[in-house]
Amino acid sequence: MVYPAKDLWEAAFLRLRGIRPAGTTTEGKWVQFVFEDGDGCASQTATEYLGNPTVPLRDFKDHFTTLRQALEAIRAVGM
């Protein structure tokens, strides 16, 4: 079972909490990160994200930047 992150901010939060992306899906010009969710951890973490959590800003920015660069690379080669 996989959990699709709704946006890049959510994907960065999941990554910050130690959940690594399992891959990406594309639909037209949209790219979405998906996370393995066999144990429900990604779903629970996503619920935490919606609750306005406090996170270390610099760490969050690093995860966001990494995912944004991955998106740019995907778009450069195939979209």
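This section describes the sheet, the nonpolar core and the helix packing of a predicted model.

The model contains an open sheet of three strands, arranged in the order β1-β3-β2 with antiparallel pairing. The antiparallel strands β1 and β3 (residues 30-36) are joined by three bridges, and Tyr3 stands opposite Phe35 in β3. Helix α1 (residues 8-16) packs on the sheet and touches β1, β2 and β3, with its direction at about 25 degrees to that of β3.

The largest nonpolar core comprises 18 residues, of which Leu8, Ala11, Leu14, Phe33, Phe35, Ala42 and Leu67 touch the most other members. Two or more residues are contributed to this core by each of α1, β3, α2 (41-50) and α3 (57-78). The largest share, six residues, comes from α1. In soluble globular proteins, nonpolar side chains tend to be buried together.

Leu8 is located in helix α1 and has a relative accessibility of 17%, so it counts as buried under the 20% cut-off. When neighbours within four places in sequence are left aside, Leu8 is in contact with Phe33, Phe64, Leu67, Arg68 and Leu71. Leu8 and Asp37, by contrast, are separated by 29 residues in sequence and by 17 Å in space, C-alpha to C-alpha. With the same exclusion of neighbours within four places, the contacts of Leu14 are Tyr3, Ala5, Ile19, Phe35, Ala42, Thr45 and Ala46.

Among the contacts of Leu14 are Ala42, Thr45 and Ala46, which are buried residues of α2. Seen down the axis of α2, its buried residues fall within an arc of 105 degrees and therefore line one face of the helix. An α-helix has 3.6 residues a turn, so residues three or four places apart point the same way. The buried residues of α2 pack against β1, α1 and β3. The face of α2 turned away from this buried side carries the exposed residues Gln44, Thr47 and Leu50. Just after α2, Asn52 adopts a positive phi of about 60 degrees.

Key. Residues are numbered from 1 along each chain as its sequence is written. This is a predicted model: local features need pLDDT of at least 70, side-chain atom pairs count only at pLDDT 80 or more; totals for chains, interfaces and linings use all residues. Side-chain values use heavy atoms; hydrogens and water are left out. Two strands pair if DSSP finds at least two bridges between them. Helices (H or I, at least four residues) and strands (E, at least two) are DSSP runs, numbered from the N terminus. Contact means heavy atoms within 4.5 Å. Axes are lines fitted to C-alpha atoms, for helices over the stretch in contact, and angles run from 0 to 180 degrees between N-to-C directions. A nonpolar core is a set of buried Ala, Val, Leu, Ile, Met, Phe, Trp, Tyr and Cys residues joined through side-chain atoms within 4.5 Å. Buried means under 20% relative accessible area, exposed over 50%, partly exposed in between (1.4 Å probe, protein chains only). The arc is that of the directions from the helix axis to the C-beta atoms.
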